[in-house]
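These are notes for a colleague who is opening this entry for the first time. Please read them with the structure on screen.

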Amino acid sequence: MPKRVIVVGGGLAGLAATIRIAERGIPVDLFSVVPVKRSHSVCAQGGINAAKNLKGEGDHPDIHTNDTLFGGEFLADQPLVQGMCRDAPAIIDLLDRMGVPFNRTAEGNLDFRRFGGTLYNRTAFCGATTGQQLMYALDEQVRRFETLGLVEKYEHWEFLSLVLDNGPKTRGITAMNIWDRSIEVFKANAVILCTGGPGLVFGKSTNSTINTGAAAARAYQQGVWYANGEFIQVHPTPIPGADKLRLISESVRGEGGRIWVPKNKDEKRAPQDIPDSDRDYFLERKYPRYGNLVPRDVATREIFNICVVDGRGIGGKNIVYLDVTPERSGQPADVLERKLGGVFEIYRKFKGDDPLKVPMQIFPGMHYSMGGLWAGYEDKGDMIVQMTNIPGTFAAGEVDFQYHGANRLGANSLLSCIWGGLESGERSVQWIQSDTAEADSDVYGSELKRQVEFAEKIEKLDGDENAFKIHDELGEWMTNYCSVVRKNDKLDELSAKINELEERFHRINLSDTTRSANKTFGFVRALWDMIQLARPIVKGARIRDESRGAHYKDGFDLQKPESDKIGEASDHQGYRDLCAEIAEKWGANFELPEKKGDISPEFQEYMDKWVEKERRWNKTTIAEYKPGTDGPELSFRDVAMTVVPPRPRIYK
Amino acid sequence: MPEKITVKIKRQDGPGREPYWQTFEVPYQPNMNVISVLMEIRANPVTADGKKTTPPSWDDACLEEVCGSCSMRVNGVARQSCSALVDQLAQPIVLEPFSKFPVIRDLMIDRSSMFEALKRVKAWNPLDGTYDLGPGPRVDPETQDDMYKYAECMTCGCCLEACPQVNENSPFIGAAAIGQTYLYNQQPIGKALMDERLEAHMGPGGVGDCGNAQNCVRVCPKDIPLTTAIAALGRQLTWYSIKSFFLR
C-alpha cells in the first residue's frame with residue numbers, strides 16, 4: 001500500500017497541511033465533521049499579521065517575533081515563533097496569489113491596519129471577514145488537488161481515536177460517519193490533528209458549535225501530552241447572546257473604536273447623547289501608549305474589573321460600550337463600512353442597532369485556547385516540528401500549544417494556523433519516508449473493537465440525567481471559576497464538580513437511539529471528552545500559583561510599581577544573572593544594555609520577586625492522562641529561549 | 001409577548017423515508033433565534049400534545065451567518081436559521097428542510113452537489129506552488145471591492161432552493177457556482193483558466209439555463225449581486241462562442 005497521510009480537521013491549519021502534502025505528491029485523506037468550507041476558521045474577522053512594512057514604519061519580522069513573545073509573556077518556545085514571524089510576509093504573498101481579496105491601498109498594494117499588542121500597522125485584512133476569505137481560497141486549492149486525485153475528503157466524519165502500535169507509533173485513525181453512525185478504521189503512516197479549540201468546554205463562547213475539543217481530548221486520553229491547558233483567552237469584546245457570544249473583532253479598535261463607561265454610575269442618557277467629558281475611556285486613561293489596543297488579557301481584566309469589581313457596568317450590568325461611530329473613531333462612515341462591514345452586519349442582524357450611529361454593547365467571553373496538544377521544540381538534532389510526543393502524530397492550528405505562550409495577540413492565530421499547517425504537512429512527508437516498519441495487523445482490529453464497544457456503552461445509557469443539562473453546568477462552572485479570575489479554593493470546588501459531572505454522565509438518558517444522523521448520540525459521545533479535557537485545564541490553573549498572561553490568579557499577582565518608579569530591568573543584577581543562565585542553557589547570545597546604575601527600592605523589590613517567579617514558573621505545563629485517576633499527572637518543561645531573554649510585561 | 005413559541009417542524013427519519021409533521025411549544029425568552037428554539041426542543045424533546053419523541057436533527061456551526069451550515073426554510077423562506085430571530089417571525093414558526101437537495105434527516109440536507117459544481121467550473125487560481133514566489137499582482141481597490149462581494153459566498157444553497165430553474169428535471173448549475181465562475185474569471189491569476197470555465201458553462205446546465213426569475217439575489221443572505229454575475233458571465237460566454245466559432 002502506498003504511504004498516505006491523514007489530516008483531521010478542515011480549517012485553515014488542516015487545509016494548509018493538506019495542500020503542502022498533496023503538492024509533494026503524497027495522497028491525503030482529509031476528515032472533517034462538517035464540509036471543510038464551514039470550519040470555524042471562517043469566524044476569524046480582523047486579519048492576519050505579517051511584518052511586511054508597507055507603511056514605512058520600519059517594521060520587521062524580528063519586531064513581530066518580539067511583540068508575539070512579549071504579548072505571550074515569554075511562555076512560547078522561541079525558535080518556532082521566530083520561524084513563523086520570519087515566514088509571515090511570504091505567507092501573505094502566497095495568500096495573495098491564491099486570490100484572497102485583501103483590502104488595497106489607492107496604489108493597489110496590500111493595506112495593513114493596527115491590532116492589539118503592537119505599535120505597528122501589521123495586519124492584512126479582507127474587510128472584517130478575513131478568516132472566511134482565507135478559508136475559501138485554501139478550500140479551492142484543496143478542491144484543485146481533489147480533482148487531481150491527491151486528496152480524498154471524508155466530510156461528515158468524526159475522528160474517534162488514533163490507531164497506535166506498541167512503539168507507540170501512529171498507524172491510522174478510527175472515525176465515525178455522522179450520517180449513519182458506522183465506525184471504520186483508516187490506515188496512514190502519519191496523522192495530523194488540526195481540530196481547533198475547546199470552546200464548548202466553557203459552554204457559551206465565541207466558538208462554533210463544532211468546537212467541542214473532543215478530538216484533542218481523545219488523543220490526550222491515548223497518551224498525547226496536553227500542554228499549557230490553563231491558558232484560555234477571554235476576548236474583551238463579544239456581544240453576549242443566549243445561544244453564543246458573537247465576536248466583535250479587535251479590528252474595530254484597530255480602526256479607532258473606543259471602550260468606555262459613563263463616569264456617572266447612574267447615567268440615564270442614551271450613550272450617543274453622552275459627551276466625552278462624561279465618559280470614562282478607561283483603557284486610554286490607564287494605558288496612554290497602547291490605549292484601546294492593549295493585549296486582550298489586559299483589556300479583558302480591565303473591563304471585568306470595571307463591571308464586576310467596581311460595579312460600573314452599564315445599568316449595573318456586565319456591559320460596557322465600544323464606540324466606533326465616525327465622530328469618535330475619526331473615520332468617515334463609508335471607510336468604516338468598507339473595512340468593518342462584516343462585523344457591523346453581525347451587530348445589526350443580531351442586536352438591531354447600527355454601530356455607525358449607536359455605541360455597541362459588549363462584554364468579555366471565552367474565545368481561544370493558547371494551550372493544546374504538545375508539539376513543541378526539542379533541543380535535539382533530529383527534532384520534528386509540529387510532532388507530538390507520539391511518533392507520527394502531529395498537531396497544528398489552535399489544537400497545538402506552541403505559538404502564543406500565555407496570551408495570543410490578535411491576528412496571530414490565522415498566521416499560526418497556516419504556518420503550523422504548512423510545517424506539519426512538510427514534516428509529515430519527511431516522517432513517512434523514514435517510517436519503514438510494518439504495523440502489526442491486529443492493532444486496527446483491536447482499536448475498532450474498543451470504539452464499537454464505547455459506542456454500545458453510550459447507546460445503552462438510559463438513566464435519568466439530561467446530557468444537555470450536564471453540559472450547561474460544565475460550561476457555567478468553567479466560565480465562573482476558570483476564566484478571567486481564578487481562585488484556588490474555587491478551582492478545588494470545580495475539580496470536585498467535574499468528578500460529579502463524570503459520575504452523572506453514566507446516568508444519562510440518551511433520548512435517541514436511532515442510527516440515521518443522530519446528532520444527540522454525537523453530542524453525548526463528545527460530552528465525555530469535554531469532561532476529560534476540562535481536567536488538564538483546571539488542574540493546570542490550580543497548580544500554577546502565579547499570574548501570567550491570560551492566567552490571572554487572585555492573590556498571586558505581582559503588583560507592578562507606579563510608572564515613575566519603573567526602571568530598566570537590565571539595571572537589576574538578579575535579572576542579569578537570570579539572563580546569563582538562560583543564554584548559557586540555550587546557547588543564545590543576548591545583548592543586554594550596559595548597567596546604568598542603581599535602581600529605586602520599589603523597583604528593586606519588584607524585580608527580586610519577578611526573577612524568583614520567572615525561575616519557578618516560566619515553564620510549559622505538561623498534562624499526561626492517567627487512566628483511573630481523577631486528573632492528569634502534571635510536569636514542567638523549560639521554555640526554549642534562543643531569541644530574547646524574558647522581561648517584565650508592562651504595557652503603558 | 002407570548003409566553004410560548006409554537007414551532008411546526010417537517011421531520012424525516014432518514015434518506016428516502018416518508019416526511020411527517022410535529023408541533024412543539026417552547027417557553028419564550030427575549031432575543032431567541034430559530035437555533036436556540038431548536039436547542040430547547042433538543043434538550044426536552046416532547047411534542048405540543050405531550051408525546052416523547054426523538055430530538056430533531058439539523059446542521060449548524062458558527063451561529064453568526066458566516067459558515068452557511070444552518071440553511072432551512074423558515075416560514076417558507078430559504079435562509080440561515082441562526083439569523084432568523086423569533087421576534088421577527090410569524091407563528092407558528094414553520095421549519096422545513098430545503099426541497100432541492102436530498103434530505104439526510106429532519107432539517108439536514110446533502111449539499112455535496114454544490115461543491116461538485118465548484119470543481120466543474122474550476123473556481124480556483126492555478127498556483128505553481130506554496131513556496132515563496134514573491135508578491136501577487138497589484139489590484140486596484142475597486143476591483144478588489146467587486147471581487148470581495150462574490151468571495152463572501154458561503155455555498156449555503158439559498159439561491160438554489162429559491163430558483164425555479166433548479167429542479168429534478170433540470171441540470172442547471174445554479175447561481176452560486178456562476179458567481180464563483182465570474183469571481184475567478186476576474187482574478188488576475190485565475191483568468192488563465194477562463195476558457196476552461198466558460199467551456200464548462202456551454203450547453204445544458206450552464207449559465208444559459210438561467211430563467212431570469214431573480215429569486216437568487218433576493219434570498220442571498222450575503223446580498224451578493226448574483227444577477228450581475230449571471231449577466232456578465234452570459235456576455236463572456238457569448239464572446240467566447242463567437243471566438244471559438246471563428247477559430248474552429
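1. The model is a predicted one. Phe246(B) belongs to helix 8 of chain B, residues 226-247. Its relative accessible area is 65%, so Phe246(B) is classed as exposed.

2. Chain A has three assigned domains: domain 1 covers 238-363, domain 2 covers 442-543 and domain 3 covers 566-620. Between the C-alpha centres of domain 2 and domain 3 of chain A there are 44 Å.

3. Strand 11 of chain A (residues 226-227) runs antiparallel to strand 22 of chain A and is joined to it by 2 bridges. Here Tyr226(A) is opposite Ala623(A). Strand 23 of chain A (residues 633-638) also pairs with strand 22 of chain A, antiparallel and over 6 bridges. Thr620(A) has Arg637(A), in strand 23 of chain A, as its bridge partner.

4. Chain A also contains an open sheet of 4 strands in the order 16-15-17-18, paired antiparallel. Strand 16 (279-280) and strand 18 (360-362) of chain A are at the edges; each has a single partner strand, so one side of each lacks a neighbour in the sheet. Within this sheet, strand 15 (residues 258-262) and strand 17 (residues 320-323) of chain A are antiparallel and share 3 bridges. Ile259(A) is bridged to Leu322(A) in strand 17 of chain A.

5. In chain B, strand 3 (residues 71-74) and strand 4 (residues 77-80) run antiparallel, with 4 bridges between them. Val74(B) has Val77(B) in strand 4 of chain B as its bridge partner. The hairpin formed by strand 3 and strand 4 of chain B has 2 residues between the strands, and Asn75(B) takes a positive phi near 50 degrees there. Strand 3 of chain B also pairs with strand 5 of chain B (residues 93-96), antiparallel and over 2 bridges. In strand 5 of chain B, Leu95(B) is opposite Val74(B).

6. How many disulfides does the whole structure have? The search over all chains finds 0. Cys158(B) is in no disulfide, and the nearest cysteine sulfur, that of Cys156(B), lies 3.7 Å away. Cys158(B) is buried, at 0% relative accessibility. Cys216(B) is likewise in no disulfide; the nearest cysteine sulfur to it belongs to Cys159(B), at 6.5 Å. Cys216(B) has a relative accessible area of 7% and is buried.

7. Over all chains, the structure holds 80 salt bridges. One of them joins Arg649(A) to Asp297(A), with the closest N and O atoms 2.9 Å apart. This pair links distant parts of the chain: Arg649(A) is in the segment after strand 23 of chain A, Asp297(A) is in helix 8 of chain A (residues 296-309), and 352 residues separate the two. Arg649(A) is buried, at 6% relative accessible area, and Asp297(A) is buried as well, at 5%.

8. Other salt bridges of chain A lie inside a helix. Lys449(A) and Glu453(A) form a salt bridge with a closest N to O distance of 3.3 Å; both are in helix 12 of chain A (residues 442-459), 4 residues apart, about one turn of the helix. Lys449(A) is exposed, at 53%, whereas Glu453(A) is partly exposed, at 40%. Glu493(A) and Lys490(A) meet in a salt bridge at 3.7 Å, N to O. Both lie in helix 14 of chain A (residues 488-505), 3 residues apart. Both are partly exposed, Glu493(A) at 37% and Lys490(A) at 25%.

9. A network of salt bridges is also present, with Asp464(A), Glu465(A), Lys469(A) and Arg507(A) among its members.

How values were computed
Residues are numbered from 1 along each chain as its sequence is written. Chains are lettered from A and ligands numbered from 1 in the order in which they are written. This is a predicted model: local features need pLDDT of at least 70, side-chain atom pairs count only at pLDDT 80 or more; totals for chains, interfaces and linings use all residues. Side-chain values use heavy atoms; hydrogens and water are left out. Domain bounds come from an automatic or database domain assignment. Two strands pair if DSSP finds at least two bridges between them. Buried means under 20% relative accessible area, exposed over 50%, partly exposed in between (1.4 Å probe, protein chains only). A disulfide is a pair of cysteine sulfur atoms within 2.5 Å. A salt bridge is a side-chain nitrogen of Lys or Arg within 4 Å of a carboxyl oxygen of Asp or Glu.
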